[in-house]
Amino acid sequence: MTKRYASLPDEAEAGMREFVTSVDERLSSEESTCSVVEDVLIDLSGDRDAYERWQAGGDVSPAELVRLQSYDPCNTTLESEYYAEKDEAKFERSKHLQWLWRQFDSLPLADNVEFALRFRRMLADHLFEDCGENCRFFKGITFTYGHNITVGDNTVIHDNVHLDDRGRLTIGDRVSISDGAHLYSHDHDVVDQTEVRNFHTVIEDDVRLTYDSMVRAGNRVGENAIVGARAIVQNDVPAHHIAVGMPAKSIKIKPGWEDVATPLEDAGENRQAEREIEYDLDDDLEQFDEFQRDLTPPGRRTN
């Protein structure tokens, strides 16, 4: 094994445990999630004095006002807030928790690995649809919503990974996702990119997704498979296979698994259509097209 145990001094350990437990209990209570997030961010940022001065009617600069207001997630917007098909009821809470996760990661405290891992693990219990035991979430992980993600036991997700759960994302037990990987669960039409299709993307148990790899929406990476660095998964990767390249292709079966694995020549099947998640939009939804383009082919346009 290549890891060893590391621990904090007893006093630091006790303080960390007390803080994480207190936030966990507040998020599990009937207290407003928005209020909990605001309170935690004010204290972690060391801005309590300025906040109380502002609340008491004292003078604050325009920059201070924006900063103090932004501790309250109700005063912020996220990109996913604009997605037409989002579940409004689920998003109301997950937005607040995602804001806490993102803002925590911007603080110097997020570089204290032992503390940060425990804090994010606690948040995952509240943000994700389900999160297993002993998971480790490193710095800079981003989500679309968070509430459409399921993670199994003993999974490790490293720095700057993007977990797109605009559709649905399932990650199994003992999965390792390396720095910079991107997992998608939505795709865009090639003609009209405002037309979005959502999918269920699946990463099975014991998978290893290496540096800067990408899994396209609706694909399944099978049990015990490896996706090589910067590979782009466009089709299912069978269990026990090693897939590399752009697009990713199976080049080898893990030694010892040849008798149970799908033959190399049978790999590369695309089952994306089987995992599409249909959705309906409300008839009265007010939509806008941010591109404002004319998609009519040139030969069919009329003046």
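This note goes through the predicted model point by point, from overall layout to charged residues.

1. Overall layout. The protein has 303 residues, and 43% of them count as buried. Its secondary structure consists of 6 helices and 19 strands. Taken along the principal axes, the box filled by the C-alpha atoms is roughly 70 × 70 × 30 Å.

2. The nonpolar core. The largest nonpolar core contains 58 residues. Within this core, Phe128, Leu163, Ile171 and Leu183 have the most contacts. Several elements each supply at least two of the core residues: helix 1 (10-28), helix 2 (33-44), helix 3 (48-55), helix 5 (88-105), helix 6 (113-127), strand 4 (149-151) and strand 7 (168-171). The largest share comes from helix 6, with 7 residues. As background, nonpolar side chains tend to be buried together in soluble globular proteins.

3. Salt bridges: the pair of aspartate 47 and arginine 67. The structure holds 23 salt bridges. One of them joins aspartate 47 to arginine 67, with the closest N and O atoms 2.6 Å apart. Aspartate 47 sits in the loop between helix 2 and helix 3, while arginine 67 belongs to helix 4 (residues 62-69), so the bridge ties together parts that are 20 residues apart in sequence. Is aspartate 47 buried or exposed? Aspartate 47 counts as buried because its relative accessibility is 9%, and the cut-off for buried is under 20%. Arginine 67 is partly exposed, with a relative accessible area of 35%.

4. The pair of aspartate 187 and arginine 216. These two residues form a salt bridge whose closest N and O atoms are 2.8 Å apart. Aspartate 187 lies in strand 10 (residues 186-188) and arginine 216 in the loop between strand 13 (214-215) and strand 14 (220-221), so parts 29 residues apart in sequence are tied together. Aspartate 187 is buried, at a relative accessible area of 18%. Arginine 216 counts as partly exposed, at 28% relative accessibility.

5. The pair of arginine 230 and aspartate 212. Here the closest N and O atoms of the salt bridge are 3.4 Å apart. The bridge links distant parts of the chain, 18 residues apart: arginine 230 is in the loop between strand 15 (226-227) and strand 16 (232-233), and aspartate 212 is in the loop between strand 12 (208-209) and strand 13. Arginine 230 is exposed, with a relative accessible area of 53%. Aspartate 212, with 37%, is partly exposed.

6. A salt-bridge network. Which residues are linked in a network of salt bridges? The members are Arg26, Glu31, Asp39, Asp43 and Arg48. Of these, arginine 48 is found in helix 3. Arginine 48 has a relative accessible area of 23%, so this residue is partly exposed. From arginine 48 to arginine 197 there are 149 residues in sequence and 44 Å in space, C-alpha to C-alpha.

7. Glutamate 278 is placed in the segment after strand 19 (276-277). Why does glutamate 278 count as exposed? Its relative accessibility is 64%, and the cut-off for exposed is over 50%.

Definitions and conventions
Residues numbered from 1 in each chain as written. Predicted model: local features only at pLDDT ≥ 70, side-chain atom pairs only at ≥ 80, totals over all residues. Heavy atoms only, no water. Helix = DSSP H or I, 4+ residues; strand = E, 2+ residues; numbered from the N terminus. Buried < 20%, exposed > 50% of the residue type's maximum accessible area, 1.4 Å probe, protein only. Core = buried A, V, L, I, M, F, W, Y, C linked by side-chain atoms within 4.5 Å. Salt bridge = Lys/Arg side-chain N within 4 Å of Asp/Glu carboxyl O.
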